[in-house]
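Have a look at the sequence and the model, and then we'll zoom in on one strand.

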Amino acid sequence: MWELVRERLGSPLDFAALLRELEDGTATLQDELPFAQVAAHVLRRIGGRYARLAENLPDPPRSPVDGPDEPEVHGGVVTTEPPRSPLSRPGEPSARNSPILGGGLPTRNPDFTGRDTLLLDLRERLPEHVMTLLPTPAHEVGGQGKSQLAVEYAHRYADDYDLVWWVPAEQVTLARSSIAELARVLGTPLSDDINRTVRHVLNALREGRPFRRWLLIYDNAANPDELLPLLPVPPTLPPRPAESAGHTLVTSRNRRWTEFTTTVEVGFFERAESVALLRRRAPALTPAEADRLAGRVGDLPIAVEQVAAWHAATGRPSTDFLRLLDEQLAETAGAGSPTDRPADLAATLDITFAGLDGEAPRAGRLLELLAFFGSEPVAADLLAAGAAAHLPDGLRDTLADPGALREAMTAIARYALGRLDLDAEPPRVQVHRLVRTLLQHRLPEDERDATQNLVHRILAAATPEAGPDDESTWPMRRQIAPHVVPTGVIGGSTAEIREIALDQMRYLYLLGDFEGSSVLCELALHHWRARWGEDDGSVLDAGRELGNVLRALGDVPAAMELNADLYRRTLERFGPDNSHSLRIAQSRAADLRLRGDFVEALRLDQDTLQRMVRMFGRNQLNTFRAVNSVGIDLRLLGRFQEAHDIDADALERLRSQFGPTHRNTLLAMNQFARDLHGLGRYRDAARIQQEALEQMRSTPNPDHVFVLHAEMSRAATLRELGSYGESLRLAEDTYRLLLQRFGERHQDTLAARRVLAMTCVRTGDADRARSHVEAALTGYRNIMGRDHPFAHACTADLTVTLRALGGHEPAQAIDASTLQSLVRLLGADHYYSLCCSVGLVHDLYGLGRTEAAHVRSAETLERFRARYGAVHAYTLACTHNHQIISAALGVEGPAGNPLAALARTLGDDHPGIRTAREGGLLECVIEPIPL
């Protein structure tokens, strides 16, 4: 190629010599400007250190072939401004300087050779099909360069697109995570549920928002059944409409993709391509020598590249390589190679590795280590963090020294034994699956075990000390995630190694990848139970994480059954004063709340809190979580003042210790606001809710479930304050988002539906309210049982809608039965029982049974006053109701002016106050409490 460049430009310069002179700072280019300009352009396209060398050369000339300015890399995503019009199509002029390249798209391979026919075929067919690159049936050994072909396509035709995104797809968890990351580029909503975030991204891509012209590449895709739902467009074998602007490209070794997509088969090099690559990397080779070398390794692209790299790195003649190849083959004859890999490939790897090991022994040790990582790139930051592990001195020194680590990674890439991406942030190295397999096979079994153990130690040392709840640690945990299963962490022999998997279960749970967390939990439990027994600490912890996932996914019965067994086993194994026991006790209490056993949940949570304080102190995050659980229990029992006191103290200490915007501080603000609502201090509750939501909505995940919980509570508070329109809008949005997030049968969705229904009653849409309540009631009964307190509370909501529709008679029958159940379960003075009793007063009064209404009203008022005080909003409502009923009977009612007091609390223009002044009775609604 460079002979052609020199011929066209009239330059006598040698490109390799130019690189040496640039590195030495001795290049003189006054007479070679055209050549230097072309060289600068090529070096910038290569990237890494070559891009830095290009800074010493004059700017390349602009031409239609050169295209627009090179994109800039910012945090792994390449961006430039101004943006291209989202209405533009491939081939149209663009206002954008260059496309966005992201998702970890590898740097372009400067030595990519040939494959022009395949690339053109892809470009012609991609607009009409989802395309999959597969190895030809005769060449399924791998190493054909499918991924490299996809990388070259992405870079060569990048200017046809506004967005190019690389999706690592060997593990579905990684694919979901990569697509979710794209949400930040597209500006689509983020959620604590990664599946919901992904749906937003895929919908935006389908609709061309904000870019019509995009290319998504799913690399090394495994099971199509898992990955098909993650494609932006349904893969159809008939051609898609030509006007579709988005393209999807898949690389895989799984031939099942032929059932769903159009495929392009990638085989070995044509001989001319092999020769061209060999002479490009090693210009001293003659065509005949290159032809002979290519023939000896069968034109397998990965082998040809290693042969070329060996010659380029060592400068030795081809006869030396062929002699070494013959010697290696003779030495290993009859020994076989792993999984039927060609002997020539294994021998080539041995020769190339020996060259690397002889030149840079530390790079050789690093490569042997990398062979036991997963298929995805290994970040330099991860390796550096792992230097804190107990490692051999030489390896530890390499990982701990950024310069030495980069030098070793560079040497590995120079011998084509790995791909180095210095432009990534952080820099990373990736070793091909075939190379990793062969490197593992060449080590004796004891050395394989020892090296795998070193990888485990590095992952353990790299795992941040701060827990996964600290979102600042997520970037490192994300680097670790692709390597947990492939490195055999699940089979780790020590609790420290198994802790890596436990940490990742929690991380995936908090990330919102409940399915990914569940899969990891199940995999670990299957292995650990068989090896370590049911009562091993790691087994118990993994079970607890699985219980959390099951509860989050709405499978409450399965979570309860699992956690009950784990709680018993953990107490028997460790006793109550142990971190394992305290964590599972919190899970057990959460299950008790969902079961409706609020008293037992409070007892267990209070015991856990006392032990937490004694063992860890009052200001540790786990202790604050225990305080939060106690507050929830107290609210569920209607003990709002006690909840208020404990939550106020926790909130003050959280603000002081962690600041006003810390996640746990914001959660505590939500809980405190719910206490204020329960106490009838709606204005104070609304103020705290507004303050917390302003902070929450500015976080990276404004659709996180705890934000939706806060918005649900605020909708209820705004309704009580008479802001019906704003309450309805917020209640509708919250219900819609939770429905999308969890589906109809989840407890959060049911709670949001109840809030929406009660708001609909206030806005005059009682028919709609009844429909929502009846659906919610069916859901509660199906998932929690007919006798659950939440089901009875929802039944009380139903009678509110019936009364609004004039159905006092059916409402009275239902309320009478419901009140009996609530008193039996919770007691006559419980908040739920008292609110239901208020409803029964309404029913009796509406049916003309004034004396019965008066008796029920007097008892309810007395109980409300004794439990919550004379100035509580609901006590004042009961006082007003009793005055109305007493007047109807012509008897003396309670003294005072409750409406004036309510007006001071709710506002004089509150719609409910106006109705009450006209003689109407006031309702007392049971607010659902998010768990």
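Predicted model: local features only at pLDDT ≥ 70, side-chain atom pairs only at ≥ 80, totals over all residues.

Residues are numbered from 1 along each chain as its sequence is written, and side-chain values use heavy atoms, with hydrogens and water left out.

Start with the big picture. The chain has 42 helices and 11 strands; these are DSSP runs numbered from the N terminus, with helices being H or I of at least four residues and strands E of at least two. Of its 931 residues, 57% are buried, meaning under 20% relative accessible area with a 1.4 Å probe, counting protein chains only. The accessible surface of the chain is about 37100 Å², and carbon and sulfur atoms account for 50% of that; these areas come from the Shrake-Rupley method with a 1.4 Å probe.

Now find strand 7, residues 246-252, where 7 of 7 residues are buried. Gly-246, Thr-248, Val-250 and Ser-252 point one way, while His-247, Leu-249 and Thr-251 point the other way.

Which strands pair with strand 7? Pairing here takes at least two DSSP bridges between two strands. Strand 4 (residues 131-135) runs parallel to strand 7 and is joined to it by 3 bridges, with Met-131 partnering Leu-249. Strand 6 (residues 214-221) also pairs with strand 7 in the parallel sense, over 6 bridges, and there Ala-221 has Ser-252 as its bridge partner.

Methods: Buried < 20%, exposed > 50% of the residue type's maximum accessible area, 1.4 Å probe, protein only.
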